[in-house]
Amino acid sequence: MMAQTLAQWRSLGPRADLWVFGYASLVWRPEFAAAESRMARVHGHHRCLQMWSRVNRGTPDCPGLVFALMPGGSCTGLALRLPHDEVEATMPRLWAREMPNPVYDPKWLLCDTAQGPVRALAFTLSRRSPSYTGPLDSEQYRDIFARARGRYGSTQEYARRTHEGLLAHGIEDRALARLLQLAEPATP
């Protein structure tokens, strides 16, 4: 799939840069030096904390959650530009981070930015994926926030860092803010 994605990028032109749409941890921990970062809005997909994580943010016995870009709605995140000359060297690291298992569906999405539209690589999730949680209720989120922890830390920490990263870029996600309230201890 990475080879196919690189071939699609090459078809964009002989000197095309690679734009990547960050909607969760790529906002606060991209692990590559973006030559440019733009606030961007994607229509037709939304950010949601509805993807099982049995390694990074949970375990097989106590699965955690990570964000997914799902069909429907819209999402504000960052369009990150990787210069043409760095794409071939950087893509394997980006791919290993986002696609250690072929869970996501890499797609080219149109991102609206203040400087004009860009076509960016985004890692999306289908509702048919076995990693999609389906709807979760408040009690399930509370339990996952309280217990799920994987090799990179807890689901709660990941959700909080994503929220803080979005806010640092002036991006408000009210749905995420409401979810994080579920992680707060109940007041008597």
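Which backbone oxygen lies 2.7 Å from a polar atom of the side chain of Arg47? I looked, and the backbone oxygen belongs to Tyr23.

**Ground rules**

I am reading a predicted model, with local features needing pLDDT of at least 70, side-chain atom pairs counting only at pLDDT 80 or more, and totals for chains, interfaces and linings using all residues. Numbering runs from 1 along each chain as its sequence is written, and side-chain values use heavy atoms, with hydrogens and water left out.

**Entry: Arg47**

I found Arg47 in strand S2 (helices, H or I with at least four residues, and strands, E with at least two, are DSSP runs numbered from the N terminus). Is Arg47 buried or exposed? Its relative accessible area is 12%, so I noted Arg47 as buried (buried is under 20% relative accessible area, exposed over 50%, partly exposed in between, with a 1.4 Å probe and protein chains only).

**Entry: Gln50**

I stayed in strand S2 for Gln50. Gln50 counts as buried because its relative accessibility is 15%. Leaving aside neighbours within four places, its contacts include Val66, Leu125, Ser131, Tyr132 and Tyr141.

**Entry: Ser129**

Ser129 sits in the loop between strand S5 (118–124) and H4. With a relative accessible area of 14%, Ser129 is buried. A polar atom of its side chain lies 3.0 Å from the backbone nitrogen of Ser131, and Ser131 is one of the residues that Gln50 contacts.

**Entry: helix H4**

Next I went along H4, residues 138–147, and found Tyr141, Ile144 and Phe145 buried. Why are they on the same side of H4? They cover an arc of only 100 degrees around the axis (taken from the directions from the helix axis to the C-beta atoms). The buried residues pack against S2, S3, helix H5 (155–168) and helix H6 (174–181). On the face turned away from the buried side I noted the exposed residues Glu139, Ala146 and Arg147. At the start of H4, a side-chain oxygen of Asp137 comes to within 3.1 Å of the backbone nitrogen of Glu139.

**Entry: Glu31**

Glu31 is in the loop between H2 and S2, and at 48% relative accessibility it counts as partly exposed.

How much space lies in the largest pocket? I noted about 660 Å³. (On a 1 Å grid over the protein atoms alone, a pocket is an open set of points where a 1.4 Å probe fits, with protein on both sides within 12 Å along at least five of seven lines; lining residues have an atom within 4 Å of a point. The volume is the space filled by probe spheres set on the points, which are joined across faces, edges and corners.) Of the 26 lining residues, Asn56, Val66, Arg97, Glu98 and Pro100 are the closest to its centre. Helix H2 (25–28), strand S2 (36–53), strand S3 (64–82) and helix H3 (84–98) each give at least two lining residues.

Terms used
Contact = heavy atoms within 4.5 Å. Polar contact = N/O pair within 3.5 Å; in protein donor to acceptor, adjacent residues only side chain to side chain.
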